[in-house]
Amino acid sequence: MKDKKNQQPVNTPVLTDMFSRTISYLRLSLTDRCNLKCMYCVTEDEKNGCLVKLGQEELLTYEELLRVVRVAVEMGITKLRLTGGEPLVRHNIMHFISNLASVQGIDDIRITTNGVLLEKYAQRLFAAGVTKINISLDTLKPERFTEITGVDCFNRVWKGIETALAIGFSPVKLNMVVMRDINDDELPAFAELSREMPLQVRFIEFMPIGTSTRWNQNTYMSSDEIMERFRTLGELIPMEKQQADGPARVFKLGADAVGSLGFISPISHHFCDRCNRLRLTSEGRLRSCLLHDEETDLKSVLRAGCSDADIRETLLTAIRNKPKGHQMAERLKEDGGDCHGRMSRIGG
Ligand code: SAM
C-alpha cells in the first residue's frame, strides 16, 4: 500500500457533498457478528437467546466490497476503516485485507477491533499495511470487563494491545465509551495510562444508538464533564491537530506524558461541519450520518447486475442525502431522540 503512493494520479478527484464538505473516508462494517456481547451493543432479542445476526448471504461478499471500494476510490475516497461487529472474526479476513491494500489510490487502511484476536492477527495486519489501529476497551478491571462484554478475556485484549505496541502500530488508540456509574470511576486510571504508554486514550460520549443500549440521561456524560474529572490529575495541554486525530480534541496530561488523551464528543460538540465520512453497513446499506437512520440500499443495486456507473450513482445519492448535521443534542431534549440502527451493523 505504501509503495503505491507514487503511482497515484496527480489529480486525485475530490468528492464533495451538498454542504461543500469533502468526503474522503469510507467505513466498512464487515460483519455484524462479534466475539463479545457488550452491554451497550447487544439487543434485547440477542440477550434472550434469539439469533438476530445477518446470514452469510445478507453480507456483502469480499468481491462486492472490493468492487465498491475501487469505484469509491476512483471518486475520491482515500481512507478506509474496517469495523463491524468484530472485523477480525470474519472468515478469511487477511486475504480480503491484502486484496484491499492492493487497490490503487488507497493511502490509508485502519481497523477498529475489540482486541480479542489481535495477538493472532497483529503481525499480518501490519505486514499488509494496516499500521493504525483503534482498540475498544471500556475498563481496566478484568472482572468488570467480563460484566461489560459478557466474556472473560481482559488479559487477552491487554496482550493484544501490548503486541500492537511492540510491533510498531502508530497510533494505537484506546477507545473507552464513558458511562456514568458503570465505568466513570476509572477515568483517572485510563488517563494515567497515557503518561506511561504511547497510547492515545480516547473518551467517547455514550450515544443513544439502538433500542437496547443502557443509554439514558444519567449514563451519558459529556466530554466537558469528563475533562473536568482530570483537572486535579495534571495540566491538560492541547496538542496540535494531526490528520490521524479524526474528530478528537487531543491533549497531553502534563508535558512528560508519552501518550495523549482524546475527547470525542458526537453529542455535545458535534463535528458535523467537518464530517468527511460515509459508512457501508454490514447489510450493504450506505449510511451518510451515524446518528440519522436514513440509508441507501447499495446491495440491491449490486445484486441487480449493475455497472460501475450505477455504483457511482448510488454512492452519489447517499452523499447528496448526507444531512447537514444530526442535532442529536436538541432531539434528546425534545423526544429522547435515539436512532434505531444497530451499532454492530453500522460499525461505530
Ligand atoms: N468490534 C469492534 C470494536 O469493539 O472496536 C468494532 C465495532 S464497535 C461497534 C466500534 C466502536 O463503537 C467501539 O469502540 C464501541 O465501543 C463503540 N460503540 C458502540 N456502541 C456505542 C455507543 N452507544 N456509544 C458510543 N460508542 C459506541
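The model is predicted, so local features need pLDDT of at least 70 and side-chain atom pairs count only at pLDDT 80 or more, while totals for chains, interfaces and linings use all residues. Residues are numbered from 1 along each chain as its sequence is written, and side-chain values use heavy atoms, with hydrogens and water left out.

I begin with the chain. Its secondary structure comprises twelve helices and twelve strands; these are DSSP runs, numbered from the N terminus, with helices being H or I of at least four residues and strands E of at least two. The radius of gyration is 19 Å, close to the 20 Å given by the globule rule for 348 residues, so the chain is as compact as a globular protein of that length. That radius is taken over C-alpha atoms, and the rule is 2.2 Å times the number of residues to the power 0.38.

Next, the ligand. Which residues come nearest to the ligand? Of the 16 around it, they are Tyr40, Gly85, Glu86, Ser136 and Met207, where a residue counts as near if one of its heavy atoms lies within 4 Å. A backbone N or O atom of Gly85 is 2.8 Å from a ligand nitrogen atom. The side chain of Glu86 places an N or O atom 3.1 Å from a nitrogen atom of the ligand. For Ser136, a polar side-chain atom is 2.5 Å from a ligand oxygen atom. The protein buries 94% of the 550 Å² that the ligand exposes when taken alone, by the Shrake-Rupley method with a 1.4 Å probe. Strand 3 (108-113) and strand 5 (172-178) are the elements that give two or more residues to this shell.

By class, the shell has five nonpolar, nine polar and two charged residues. Here Ala, Val, Leu, Ile, Met, Phe, Trp, Tyr, Cys and Pro are nonpolar, Asp, Glu, Lys and Arg charged, and the others, Gly among them, polar.

Finally, the backbone. Ser170 and Pro171 are joined by a cis peptide bond, with omega about 0°. Pro171 sits in the loop between helix 6 (154-167) and strand 5. Ser20, in the segment before strand 1 (25-29), has a positive phi near 60°. Most residues other than glycine have a negative phi, and most peptide bonds are trans.

How values were computed: A polar contact is a pair of N or O atoms within 3.5 Å; within protein, one must be able to donate a hydrogen and the other to accept it, and residues adjacent in sequence count only if both atoms are side-chain atoms.
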